[in-house]
Structures are given as C-alpha cells and as structure tokens.
Amino acid sequence: MNFSELGLGDDILKAIEDIGYTTPTPIQEKAIPIVLMARDLIGLAQTGTGKTASFTLPMIEMLSSGRARSRMPRSLVLAPTRELAAQVGENFDLYGKYHKLTKALLVGGESMGDQIKILEKGVDVLIATPGRLLDLFERGQILLSDIKILVIDEADRMLDMGFIPDIERIVSLIPPTRQTLLFSATMPDEIKRLSDKFLSNPKMVSVAPPASPAKTVDHRMLEVSPRTKKSALKDLIDREEVKNAFVFCNRKKDVDMLGKWLKDQGFSASPLHGDMVQSKRTETLQAFKDGKIVLLVCSDVAARGLDVSGVSHVFNYDVPFNADDYVHRIGRTGRAGLKGKAWTLITEDDDKFVDAIIKLVGQDIPTESAQPQPQEKSSRPASKSSAKPVKSDKPRPEKRPEHKPARPEKTEKSRPRPHREAEDAGPNQFCDETMPAFLRR
Ligand code: AMP
C-alpha cells in the first residue's frame, strides 16, 4: 500500500514525499481511512509506530476547508507533556507545509499572554496539555464550542499522571457532535471506561502487541550494588560505543544528582525533568537533538514519547516501577529501523520490578554482573575498546563484567522485598507544571 491509496489530498502527499516516507506504517494504513470517514477511533499503538502522523495527516486534510474564529479552535489535541505537545505541533508543521492551517500550543511554563494573542487570531489546531487548557478556559480566554475533532493522545500516560478528571472536564465542555480519536499504548480499565463514555461507536485499530520492545533494541541488564551504582554506570558508558543516550532515573532529584555527577566525570550530560523552566527544557532537548549534549539524564515524564532520531543507547539508572515504562524507555533507541542498545542497572531491591518487566516482555533478558568476580577476572581478557562520549576518542581498556546468557530464574538467593514504591511511585512524584487541576496548589 502507498500513501496515495489512503484518501489524502495532493498537498499532503507532496509534503509526505518531501519528507521521504515511502509507505504508510501499519497504524497509518489502518487509521487514516477511518479518520477521513469522520468516524471515532481508538488507536492502540505505542510511540515509534508512526501514530502521530496517523491522526495529524487526516486532520490536516479535514481541516483544510473552513476557517477558525477568534478564541474558538476547530480541533484539539490533548497531550500529557509539553514535549509531546511540541512534537505533535512539529508534525502539523511538517505535514501541513502546503496548507495554511494555524495552530497554537498551550502548555505550562510558557507565557500565557503570547498564547492568548495567538488564540485571538483564531486557530485551526489547538495542541494542549490539560492543566494549561483548563487554566485558560477558566479565565474565559478560550471557547471549546467550535471543536469538531478531539484527539486524546497517550491516554494511558494521562491516567498515570492523574489527568483523567481534567480530561473528563475538558471533554464535557466540547459539543458531543465532535469526532473523537483516542490513542493509547495499553487499555487499562479506566481508559476503557473513558472511551465508552466519550466515544461514539468507535472503530478500534491496534498495531503490534502493546508493550513489546522493538526487535531492533538489544536490551540487557547489569547487576550492580547500590553503593557502586554510579561508577558501574560510568564503566558501562565507557565501554559502550555511545553516540548519544537517554539516561533514565525514577526521581527528579536523582536526575539532577546524576546529571551533575556525570558532568563532573567529564561527560557531556544534562538533566531534563518537569521542575525545570520550560525555556531550559526546550533548550536542553534541542541541544541533545543537535548532538551538543551526549547524555540526556531524564525522568519518564520529561522523556515520554520524545522522538529523537538515531539515539544509540538507553541507560536505565533506575529500574522503572512500571513495567510499561521499561518498554517506552528502551524504545527511545532502535527507532526507524536503526539498531540500538539499552542497559538497565539492577540491584537486589529491584527484584519485583525486574520480574514484572520480564513477564511483560515475555522473554529472558541477558544479564551481566558488575560485581567483582575474582577467579573469573584473572582469566578474562580486557574488554573491547570503547570511546567515552566527548571526553576522549582513545580506546580505554575496561574490566568487562561477567556475561551470563540470560537472567536466571530466582534461585537460592533470598532477596529483601523492595519498599520504595509506596513512598515514591505516586503520581505526584512525576508530575510537572502540567499537573492536573485537583493536584495543583
Ligand atoms: P511516532 O510513533 O508518531 O512517534 O513516530 C515515530 C517516527 O516515525 C517519527 O520519527 C516519524 O517521523 C516516523 N514516521 C512516521 N510515519 C512514517 C512513515 N510512514 N515512514 C517512515 N517513518 C515514519
């Protein structure tokens, strides 16, 4: 199948050709004709499948006739994070370059005055995080009564972040005659309830089983002791051929701490998390995309759905509490057919989370140990050469961790149960300025 068979107009086809896409991805092939028929849609697809274009392309087509009135946008895309909203905006710019559609991005951390000015001129596409949209609505700066197409993107992440009450409020402000598209990587009960309530006779399309890692990602685990975790990460980065990498932490304070520590070790590293001012977040992300930063140390919220092409590695400094996040994190590499490598540092305390990941991905994950192995060590050769990002191109011999073919079944070792989830894994821990209304102070 090619794009011209999907019902898209010549201007969009030309834009697609300019970008260089030759064939639609499976989600695009399935979803675009349904959206063009003005049907409601549930799209079960993860990031990296081309899902953003599966709604932006037909939306551009459908919005190409008609004009927006002041403060009355014609369509709305709700995204969980500012970065994701910005990415959706970039997609509209890219695919809509031969159209004259107007768009506005309403995200926290940016000047409200500027956003209001754009809204006053009238926008065809409004892309927003829930918190900022409700803020502006409550200030009487925006009317949602002219919205014909509503997209709820990354619905399961909205749920994780506690945005569902905000979403329900926003949807109740939009006329029921709209077309509604809901995208989610998974379909937990709460999202099913939401779609039953707000979508009308939707078509469901699904691509690739939710939460399965791409085959292009070689993902492995490294057993470390909590005491030497940082140096184990450093050794790992030293021995891998790292072009650029996401380094994930579970907590914002650790993002800062680790970013600083890696910098002190001579790496080109910067933190990215929701407590940073928006201008700094945008600047950091751009520097990473431009190759000026090699290691982007981040939280899940900041990195969710970010599409940076050609990322060579992902390092999970912490095991994610939520197994789905593991798949999302390692999916930042190995994109668009390129190969990628992902390493997760695991300690004894992480057993429960590691087991959940192995269960979810349905396969053993090769696991090595960074703990000293005296008798092995002497007989092992030095590892293959590796380059440390920016610091030096010179190969450095490193001790190579013992390699085990796969994570063994839990055996004789009785490990302490993890205690951390209760204190750390609540939605507040991960929220940024796009916090839902009921959590905002
Ligand atoms: P998404 O799942 O929307 O985050 O998209 C993931 C990546 O796939 C983005 O870098 C898109 O530019 C790229 N992409 C989207 N559609 C296509 C296509 N038909 N062919 C090749 N790449 C695509």
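Two strands count as paired if DSSP finds at least two bridges between them, strands (E, at least two residues) and helices (H or I, at least four) being DSSP runs numbered from the N terminus. This is a predicted model, in which local features need pLDDT of at least 70 and side-chain atom pairs count only at pLDDT 80 or more, while totals for chains, interfaces and linings use all residues. Residues are numbered from 1 along each chain as its sequence is written.

**View 1. Seven strands form an open, parallel sheet.** Their order is β3-β4-β2-β5-β6-β1-β7. Because β3 (103-106) and β7 (203-206) each have a single partner strand, one side of each is left without a neighbour in the sheet.

**View 2. Strand β1 meets β7.** Here β1 (residues 41-44) pairs with β7 in the parallel sense, over four bridges. Look for L44, which stands opposite S206 in β7.

**View 3. L78 sits in the largest nonpolar core.** Such a core is a set of buried Ala, Val, Leu, Ile, Met, Phe, Trp, Tyr and Cys residues joined through C-beta atoms within 7 Å; buried means 20 or more other C-beta atoms within 10 Å, exposed 12 or fewer, and partly exposed in between, with C-beta atoms placed from the backbone. Of the 68 residues in this core, L78, A85, I127 and A128 touch the most other members. A second, separate core has 47 residues, including A214 and V224.

**View 4. E110 lies in the loop between β3 and α5 (112-121).** E110 counts as partly exposed because it has 18 C-beta neighbours inside 10 Å. The C-alpha atoms of E110 and R132 are separated by 9.6 Å, with the two residues 22 apart along the chain.
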